[in-house]
Amino acid sequence: MKKFINKPNIFKRWGIFLYSILSLILTIIYIIFNHTFFKVNWTRYDTDGTYRGKVDEILKHGVFWINGNLTAISSPFLIFLLSVGAILSLVIFYLAWHNISTRTWTPILCFIGFLVPLIVHGDGNILKTLIIGYIFIIIGASFSVQALRFS
């Protein structure tokens with residue numbers, strides 16, 4: 001096990017970055033095929049009071065969201081994708097931490113990014129937490145590639 005931890009390994013350097021790009025692409029494809037976009041009839045909105053109330057309730061969360069629960073991820077595919085990313089981040093952190101020349105905290109930033117959409121349940125649309133999470137993931141993965149260049 002010591003030889004695997006200390007030897008130069010391209011997996012430690014590029015693993016999180018490639019997985020983060022792959023998971024971002026798969027998440028975007030999933031959102032494209034599993035979303036709801038509400039079209040508002042603005043003339044009816046101006047004249048009908050009950051329609052106005054329904055539209056105001058929808059617009060409070062945005063006119064575009066993933067089907068299911070508005071505040072939490074309910075898709076097994078997205079939960080699996082984010083969970084595998086979090087585990088991969090922890091494994092790469094463990095492998096990098098045992099080599100003194102590549103000791104870095106940047107995989108933990110990716111770990112936090114993968115956990116944000118799974119843990120944070122806001123009052124708005126889940127797309128916001130996915131965007132915030134993927135910003136952390138991409139930044140952390142980019143810094144990890146640079147930090148692990150001597151692995």
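Helix H5 meets helix H6 through Ile79, Leu82, Ser83, Gly85, Ala86, Ser89, Leu90, Ile92 and Phe93. On the H6 side, the partners are Pro107, Ile108, Cys110, Phe111, Phe114, Leu115, Pro117 and Leu118. Contact here means heavy atoms within 4.5 Å. This is a predicted model, in which local features need pLDDT of at least 70, side-chain atom pairs count only at pLDDT 80 or more, and totals for chains, interfaces and linings use all residues. Residues are numbered from 1 along each chain as its sequence is written, and side-chain values use heavy atoms, with hydrogens and water left out.

**The chain overall**
- The chain has seven helices and two strands. Helices (H or I, at least four residues) and strands (E, at least two) are DSSP runs, numbered from the N terminus.
- The order of elements from the N terminus is α-α-β-α-α-β-α-α-α.
- Of the 151 residues in the chain, 39% are buried. Buried means under 20% relative accessible area, exposed over 50%, and partly exposed in between (1.4 Å probe, protein chains only).
- Take the contacts between residues at least 6 apart in sequence: 75% of them join residues at least 24 apart.

**H5 against H6**
- Two packed helices are described by the angle between their axes and the distance between the axes.
- H5 covers residues 76-97 and H6 covers residues 106-119. Their axes come within 8 Å and cross at roughly 160°. Axes are lines fitted to C-alpha atoms, for helices over the stretch in contact, and angles run from 0 to 180 degrees between N-to-C directions.
- H5 and H6 are therefore roughly antiparallel. Angles under 35 degrees count as roughly parallel, over 145 as roughly antiparallel, 65 to 115 as roughly perpendicular and the rest as oblique.
- The H5-H6 crossing is left-handed. That term applies if the near helix is turned anticlockwise from the far one by less than a right angle; clockwise is right-handed.
- H5 has 22 residues and reaches 31 Å from its first C-alpha to its last, close to the 32 Å expected at 1.5 Å a residue. The expected span is 1.5 Å times one less than the number of residues.
- Buried residues of H5 include Leu82, Gly85, Ala86, Ser89, Ile92 and Phe93.

**H6 against H7**
- H6 and H7 pack at about 165°, with axes 7 Å apart. That makes the two helices roughly antiparallel.
- The crossing of H6 and H7 is also described as left-handed.
- Among the H6 residues that meet H7 are Pro107, Cys110, Phe114 and Pro117. Their H7 counterparts include Ile126, Leu130, Gly133, Ile137 and Ser144.

- H7 runs over residues 126-147.
- Ile126, Leu127, Thr129, Leu130, Gly133, Tyr134, Ile137, Gly140, Ala141, Ser144 and Val145 are buried in H7. They cover an arc of only 155° around the axis, so they lie on the same side of H7. The arc is that of the directions from the helix axis to the C-beta atoms.
- Lys128 and Ile131 are exposed on the other side of H7.

**Ser20 and Ile138**
- Ser20 sits in helix H2, residues 10-33. Ser20 counts as buried because its relative accessibility is 0%.
- Beyond neighbours within four places in sequence, Ser20 contacts Tyr134, Ile137, Ile138 and Ala141.
- Ile138 belongs to H7. Its 23% relative accessibility makes Ile138 partly exposed.
- Ile138 touches Ser20, Ile21 and Leu24, leaving out residues up to four places away in sequence.
- Ile138 and Gly113 are 25 residues apart in sequence, and their C-alpha atoms are 8.6 Å apart.
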